[in-house]
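Here is a short briefing to read alongside the model. Take a moment to find the two chains, and then let's walk through them together.

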Amino acid sequence: MSSDLEKLLSGHRHVWRGRGAMTSRGRVLATGFTVLDAVLPEGGWPADALMEVIAPREGIGELQLLLPAMVTAARQGQWLVWIAPPYIPCASALVASGISLQRLLLLRPSRQEDIPWAMEKVLRQRRCAMVLAWPGRLKPVVVRRLQLAAAAGQSLGVLFQHRDGSGSPAALRLRLAAAAAGLQVDILKSRGACRRQSIHLTFA
Amino acid sequence: MARSAAALPLQTSLFAPQAVAVSTKRCSMLWAALFFPRLSLEVLRADDDAPPWVVVHEQGGQQVVYAASASAGQLGVESGMALTAAYALCPHLESEQRDEAAEQACLVRLADWAGRYTSMVSLEPQALLLEVGASLTLFGGLEAIRARIKKDLQRHCHDTSMAFAPTPQAALLLARCGADTAVTEPQALRAVLGRLSLEALPVTTKQAALFARLGLRLLRDLWRLPTAGVAKRFGVDLVDYLDRLSGVLPEPRLAHQSRPVFSARWSFSLETDNMTFIYHGLAQLLPQLASFMRLRGLALNRLQLVFYHTQCPASRVELGMQQLSDNAGHIFKLLHERLAQVQLRAPVLELDVVADEFHASVPGNESLFDGADGPDGEWRQMLDQLHVRLGAQAVTGLQWQADHRPERATGFGPPLDGEALGERPLWLLPQPQRLVNGLKNITRESGPERIESGWWDGGDVRRDYYRARDNAGRRLWLFRHLDEGGWYLHGLFA
């Protein structure tokens with residue numbers, strides 16, 4: 001009886017069972033950092049959810065954090081979409097890190113309100129692995145829509161924010177801070193885990 | 001071919017149109033050929049009484065006269081002559097390059113017009129072939145239809161010669177010879193054709209020379225020779241042609257089809273500017289458009305909506321798509337996005353959906369299994385939606401460009417892969433940003449990498465690049481301008 005119950009509960013990701021008991025694995029994208037994979041409750045970036053990355057400023061390594069996952073997705077022939085990037089992505093650097101430009105789509109909407117619209121459209125496509133967006137401030141309602149779109153399209157949406165807007169419905173929320181030889185990652189919220197955790201990553 | 005030509009009845013009334021005996025019996029097949037000998041001139045200049053001029057085309061690297069105007073013809077200029085030779089005959093000769101596309105377009109227009117006489121119109125170079133045998137009863141006989149075509153042709157201002165014959169090639173040949181004649185009986189055909197000069201046949205110069213050497217002048221002379229010998233000397237193609245000419249071999253022809261045009265209208269019971277009603281109208285019209293395209297195997301990438309108002313003139317909305325589509329649902333979605341950007345000028349009374357630019361539809365393969373990829377079509381449809389709402393310049397890929405200058409090494413456009421050049425940051429600033437305080441609060445980590453390039457195109461660059469780090473922990477890509485010594489921020493190792 002208890003094993004049946006165990007099976008039932010563990011198969012259900014919407015049932016939260018207190019500390020560390022989450023064993024269900026949805027589709028997951030390996031982060032490429034073993035430290036991070038160990039800490040994240042699902043064992044990697046969730047492949048069908050929205051994730052919020054709070055970095056006070058650009059250039060502290062926020063793309064390095066996602067780069068290994070992007071490389072894996074690109075190798076599998078899936079699309080990467082960047083929406084409204086704050087600067088120009090450098091083609092040479094992307095090629096050097098192993099991302100083929102053939103599967104990279106760049107959207108640069110001229111109006112702010114088109115960013116979440118475009119993101120939702122792209123997230124619903126199953127051919128797309130990751131959608132990176134720099135949307136500025138978003139209402140929680142909009143974030144929730146994007147979260148649902150990501151779940152429907154089984155793609156990972158990443159929202160880059162400068163400030164921590166409280167009460168965001170994103171499945172995973174990280175705060176980044178620059179550290180001496182890498183990056184300080186605070187996991188503010190993650191589906192299926194209760195503790196806030198903080199780890200330090202070093203980049204090669 | 002084995003039959004002797006002498007055994008055939010000779011028609012005495014050759015080239016005398018009025019005297020041709022018109023059979024009252026209904027003819028199974030009767031072809032009218034309309035030949036436009038001066039088409040290449042007529043499409044370029046409307047009036048011919050100007051100074052002598054010619055249409056030239058290039059042949060073997062040489063400008064050769066293709067057609068000469070009447071006044072040039074009087075001076076001895078004729079087609080096939082080198083332009084330099086024509087200048088010798090007529091020093092103030094004007095010349096224009098031949099416009100084949102315009103000729104073809106003109107011919108297609110004429111073919112559309114000729115659709116009023118018969119459903120079977122076929123295009124030939126400089127000529128049209130009309131199967132009028134089936135239309136004789138409708139128009140009241142051969143003479144009637146002939147007079148009518150002639151009268152209608154006058155409005156088109158084309159120099160035309162017309163001939164009727166039971167086989168298309170015979171009609172064409174007679175028209176090309178300028179014989180304003182009508183042969184209705186297949187038995188009479190050989191007699192009429194037999195008197196034509198062999199020069200009129202569409203043959204190569206080598207074959208024409210061989211005709212002369214063998215002393216053959218008329219088509220009849222050729223017919224008298226044994227078929228096997230003709231095939232051996234002139235090739236099977238000529239024998240084939242002669243058989244099609246006399247009707248021994250049938251000649252199925254491709255019918256000209258006029259360009260499909262779709263137009264459908266939706267009338268609102270009241271004037272409305274409520275988009276819900278307008279979308280409802282569209283939802284009724286678009287399936288009609290889709291079935292129109294399905295039936296013909298077509299797809300479109302351009303569509304027009306015309307809104308009719310009571311107070312002001314009609315307004316138009318164009319929809320352009322990146323990919324061809326024949327899917328009503330997809331087109332509706334795109335129109336939804338497109339109309340969201342448009343402000344209607346006034347309430348709408350009627351709505352037209354107009355499409356006149358169709359392409360052959362190439363349906364893709366459906367995937368056998370519902371793979372994780374999903375169908376390719378969905379992705380392309382989404383790209384279309386993004387294009388319509390965000391604008392074409394906002395939806396791009398990233399291009400690797402072969403240039404050492406970082407600002408020119410990345411471009412927006414269709415994706416293009418290349419190789420990595422040195423160590424580059426992921427973020428590039430659109431413009432290098434001058435560091436006003438120099439290297440204050442910044443520590444250099446590695447470098448320099450010197451980039452010196454572009455002296456040949458005016459974008460001269462002489463820089464020393466460094467990796468550095470500022471107090472806030474940002475990892476920077478800086479350069480020192482080697483000419484003026486200033487420090488600039490050019491990228492971020494994000």
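In which sense do β4(A) and strand β7 (residues 128–133) of chain A pair, and over how many bridges? They pair in the parallel sense, over five bridges; two strands count as paired if DSSP finds at least two bridges between them. This is a predicted model, in which local features need pLDDT of at least 70, side-chain atom pairs count only at pLDDT 80 or more, and totals for chains, interfaces and linings use all residues. Residues are numbered from 1 along each chain as its sequence is written, while chains are lettered from A and ligands numbered from 1 in the order in which they are written.

**Around β4(A)**
- Helices (H or I, at least four residues) and strands (E, at least two) are DSSP runs, numbered from the N terminus.
- In β4(A), residues 79–83, five of five residues are buried (20 or more other C-beta atoms within 10 Å of its own, with C-beta atoms placed from the backbone).
- A:W79, A:V81 and A:I83 point one way, and A:L80 and A:W82 the other.
- A:L80 stands opposite A:M130 in β7(A).
- β4(A) also runs parallel to β6(A), joined by four bridges, with A:W82 opposite A:L106.

**Across to chain B**
- β6(A), residues 104–107, pairs with β13(B) in the antiparallel sense over two bridges.
- A:L106 turns up again here, opposite B:T396 in β13(B).
- In total, 43 residues of chain B are in contact with 35 of chain A (C-beta atoms, placed from the backbone, within 7 Å).
- On the chain B side, α15(B) gives the largest share, seven residues.

Technical notes
Contact = placed C-beta atoms within 7 Å. Buried ≥ 20, exposed ≤ 12 C-beta atoms within 10 Å, placed from the backbone.
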